[in-house]
Amino acid sequence: MKRILSIIILISMGSLLMAQEGYTPSESNVEYRKFVKNARLGIFIHWGIYSMLGDGEWVLNNQNINYKEYEKLAGGFFPSKFNADEWIAAFKDAGAEYITFTSRHHDGFSMWKSKVNPYNIFDATPFHRDIIGELASACRRQDFKLHLYFSHLDWSREDYWPLGNTGHNAGRPEGNEGSWRSYKKYMDDMLTELLTQYGPIGCIWFDGVWDKCQGHRERADSTWGLSHQYELIHSLQPACLVADNHHMQPFPGEDLQIFEQDIPGENTTGFGDGQQISTVIPVESCITMNNSWGYCIGDKDYKSIDKVIRLIVRAAGKDANVLLNIGPRPDGCLPVEAMELLRQLGDWMRAYGNEAIKGTDGGFYPEQEWGLVTRKGNTLYVHILNPVENITLPFAKARKVTTFDGKPIKFTSGKSETSFTVPMRAEGLTDQIIKIEL
Ligand code: JFZ
């Protein structure tokens, strides 16, 4: 018995390794990965009928709401002030280049006009508008990219059976033997709609694997059919990136690695236990502006612009993007605090970020107490986040060292090092940038 078991384990490990080697991204996929990496900043939007309850996107689960009762919220969802073009214009102005929008969160409500489930924004609400359709059009008009968050996990479907770790008090009846097969087909059908009805989708950003496979990497593919789903996505849109917020090392078929509420590699949340930063696929850190993903009416604990800039600089210095989250209000407006942060961020991106963050490489030099270094062509950008007097870097033969606006700085540079004294720092400056021409 033991022997049979170990043979089975060996075989399944072998097929896992083979699948890893077997995935070759298409040319258009590799190209879009570069675009995303260079963008360095995206905006994450968590929006659904849960926003009406003002208690985050987990409210169905956390308040033990019955799924049939919750469903009735849809009949009152009328985000009268929603304007896709205004959202996209605000994100673009902030210096972001893509939006990752919750097409369907764990509550199972779809934010697009779906033929495979009437529990969607078009058919189940008096709003009768296709929000993903409107976002896709606005993105096209404004040359912005659309990524879609998609939950594996569902708290409203009766065929989501057997249940995972969450959604136990929603009141669903027990399923049967065919349930899981039916649910997997349902996911395929939804993904197919999303990838055929709205033009190019930059990324499918999965979440929820952990509901059934927390800490069991070997089960994730067989339980969810990940490789099948990833293949489906790549066959419908080869350039579409696959990302999955499972907090494990990337699986074959994934094109973007995700860290949650963390600068990559820090593991302050304990989520991505031991998750190594990928050097093969681009990396993205999703981070909330306050402490909630979906709209939370009492959460006014927004990060300062100083904090947000530090996050972006530190992520870029580690070669990662920031996906900055906003939870819109039920009326379709972005919270005032979020709008203000976007405005301030735009000012900073135009002044510094466009040159010293976007399109740069990071991760080639470790973070120091004073900060990090990014690089574009022959220029190094030294980001001093914490005041320091002198800096020595292991980069040889510098031709020129200057302030960000080009004032020369005295330096010495030899065969292996470059040193300079840091000029006076303007009061209140978050990121003092020094340029080194190699
Ligand atoms: C997930 C979602 O559950 C959450 O609502 C939000 O969308 C965020 C971006 O992603 O967060 C997680 C991820 C992992 C666990 C819990 C929540 N986990 O491992 O238990």
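A nonpolar core is a set of buried Ala, Val, Leu, Ile, Met, Phe, Trp, Tyr and Cys residues joined through side-chain atoms within 4.5 Å. Buried means under 20% relative accessible area, exposed over 50%, and partly exposed in between (1.4 Å probe, protein chains only). Before you click, know that this is a predicted model, where local features need pLDDT of at least 70, side-chain atom pairs count only at pLDDT 80 or more, and totals for chains, interfaces and linings use all residues. Residues are numbered from 1 along each chain as its sequence is written, and side-chain values use heavy atoms, with hydrogens and water left out.

**Stop 1: the core**

Select Ile-45, Phe-91, Ile-99, Phe-101 and Ile-204: of the 95 residues in the largest nonpolar core, these touch the most other members. Now color helix H7 (residues 179-197), which gives this core its largest share, 8 residues. (Helices are DSSP runs of H or I, at least four residues, strands are runs of E, at least two, and both are numbered from the N terminus.) Apart from this core there is another one, of 16 residues, including Ile-384 and Ile-436.

Zoom in on Ile-204. Leaving out residues up to four places away in sequence, its contacts (heavy atoms within 4.5 Å) include Leu-148, Phe-150, Leu-191 and Val-242.

**Stop 2: the ligand**

Which residues are closest to the ligand? Among the 14 that surround it, they are His-46, Glu-57, His-105, His-106 and Asp-207; a residue is near if one of its heavy atoms lies within 4 Å. Sort that shell by class and you get 5 nonpolar, 6 polar and 3 charged residues. Here Ala, Val, Leu, Ile, Met, Phe, Trp, Tyr, Cys and Pro count as nonpolar, Asp, Glu, Lys and Arg as charged, and the others, Gly among them, as polar.

Next, show the side chain of His-106, which has a polar atom 2.8 Å from a ligand oxygen. Trp-58 has a side-chain N or O atom 2.9 Å from an oxygen of the ligand.

**Stop 3: Asn-61**

Click on Asn-61 in helix H3 (residues 59-62). Is Asn-61 buried or exposed? Asn-61 counts as buried because its relative accessibility is 18%. Beyond residues up to four places away in sequence, Asn-61 touches Trp-155, Thr-166 and Gly-167.

**Stop 4: Asp-319**

Finally, find Asp-319 in the loop between helix H11 (305-317) and strand E8 (320-326). Asp-319 has 25% relative accessibility, so it counts as partly exposed. Its side chain reaches the backbone nitrogen of Gly-362 at 3.0 Å.

Terms used: Polar contact = N/O pair within 3.5 Å; in protein donor to acceptor, adjacent residues only side chain to side chain.
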